[in-house]
Amino acid sequence: MSENDKPIRRALITGITGQDGSYLADFLLARGYQVHGLIRRSSSFNTGRLEHIYQDPHETDPRLRLHYGDLTDGAGLREIITRVQPDEVYNLGAQSHVRVSFDQPVYTTQVDAVGAIRLLEALRDTGLPARFYQASSSEMFGKVAQTPQRETTPFHPRSPYGCAKLYAYWQTINYRESYGMFACNGILFNHESPRRGETFVTRKITRAATRIAEGLQDTLYLGNLDARRDWGFAGDFVEAMWLMLQQDEPDDYVVATGQSHSVREFLDAAFGRVGLNWQDHVRVDRRYYRPAEVDLLLGDAAKARRKLGWRPRVTFDDLVNMMVDHDWALAREERVVRQARENRP
Ligand code: NAP
Ligand code: F7E
């Protein structure tokens, strides 16, 4: 069979409108997949991160198709899977904010924990031999039992989010062991990008540093500056998700850079890029503290390197510069618009 005669592979992504979903859609489309995404009905547009694919409605890439659905609606998930007949399912949809999970613990559990089993059940019900990826998280290590953290490190989640993700992690393994499903967990450490949500600490910092540089704000309020994270680039990490589903056997993998930095170090790098001293602008606000904190995350991705041949390409400094440069362009545009408005007679 020639390359052209090969059937087009179909992927279904929950959370396609999020940071990772949009990078994964780019990645899979570039590899010739037909990509189907689950989107939630919203009163305003929530497809901004897909706009570069979706720019002109008349030129919409027919290989990208969006379906209304929600991880809280099992019947809807089953209907979409039956209609799409995916070869690969990536479960990236989640209430993904750790601090918010303390305010909405039951909802977070409904989406992140029960949502995953709804999707696994829908898949099992249809009997399709689709491969399944679960977006597991380094937050499951929480109060870490060893450093660096690897696949064998015991879990100790420290938030409703971490607990919900741990439930989904074990159900993914349970469905693999009970029903022989090709189901994998990617235990991903923090990964960021210019498409990162603006309330996560990295993007909050790069947005503020650049807006301060452009005279649009003066102060940035943050919580715990001592927390340390293993921050990588989302564009690198989605490749690892795909690689997991291309193996002969399903398995679970840590995906991380192997380097840890504090929030202070991120501040140094981001404010340094725009020629400012963060100490002049940052105030600590205890409202941003969490009832329980994850102090240190540092991943050992040796298994992913060895078995998947995966390696991160973007370094910490490259990542900070990429995010700052993107946000600086946004801040300049905002300043120009604001000045034009102020100068209007
Ligand atoms: P994100 O930007 O917050 O995106 C979350 C996605 O989930 C969005 O598309 C969101 O839709 C969707 N979603 C939320 N509630 C839903 C529901 N009830 N039903 C269906 N979809 C729903 O998150 P991300 O950073 O891309 O992360 C992707 C996944 O990896 C998440 O599961 C996250 O928990 C996990 N993870 C992330 C990291 C990280 O550092 N980024 C690390 C480890 C694991 P809307 O656009 O409509 O809100
Ligand atoms: O916080 C501290 C905060 O919200 C990082 C999610 O993608 O990665 C992410 O979870 C650290 C924490 O990410 C502020 O206390 C200080 O120690 O950017 P974050 P996270 O909690 O690590 C994991 C792997 C996921 O799976 C999650 O989905 O920064 N911090 N001041 C702050 N954090 C925020 N958000 N805002 C602050 O003002």
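The residues of the shell around ligand 1 divide into nine nonpolar, 11 polar and five charged. Here Ala, Val, Leu, Ile, Met, Phe, Trp, Tyr, Cys and Pro count as nonpolar, Asp, Glu, Lys and Arg as charged, and the others, Gly among them, as polar.

A word on the source. This is a predicted model, in which local features need pLDDT of at least 70, side-chain atom pairs count only at pLDDT 80 or more, and totals for chains, interfaces and linings use all residues. Residues are numbered from 1 along each chain as its sequence is written, chains are lettered from A and ligands numbered from 1 in the order in which they are written, and side-chain values use heavy atoms, with hydrogens and water left out.

Back to ligand 1. Of the 25 residues around it, Thr17, Asp20, Ser96, Tyr161 and Lys165 come nearest; a residue is near if one of its heavy atoms lies within 4 Å of the molecule. β5 gives the largest share of this shell, three residues. Helices (H or I, at least four residues) and strands (E, at least two) are DSSP runs, numbered from the N terminus.

Now the polar contacts, meaning pairs of N or O atoms within 3.5 Å. An oxygen atom of ligand 1 lies 2.6 Å from a polar side-chain atom of Thr17, and a polar side-chain atom of Ser96 is 2.7 Å from an oxygen atom of ligand 1. The protein covers 89% of the 900 Å² of accessible area that ligand 1 has on its own, by the Shrake-Rupley method with a 1.4 Å probe.

Ligand 2 next. It is surrounded by 22 residues, and the closest are Ser96, Ser137, Tyr161, Arg290 and Glu293. By class, that shell has eight nonpolar, eight polar and six charged residues.

Last, the helices. The axes of α9 (residues 263–273) and α11 (residues 316–343) come within 9 Å and cross at roughly 50 degrees. Axes are lines fitted to C-alpha atoms, over the stretch in contact, and angles run from 0 to 180 degrees between N-to-C directions. That angle makes α9 oblique to α11, because under 35 degrees counts as roughly parallel, over 145 as roughly antiparallel, 65 to 115 as roughly perpendicular and the rest as oblique.

Technical notes. Polar contact = N/O pair within 3.5 Å; in protein donor to acceptor, adjacent residues only side chain to side chain.
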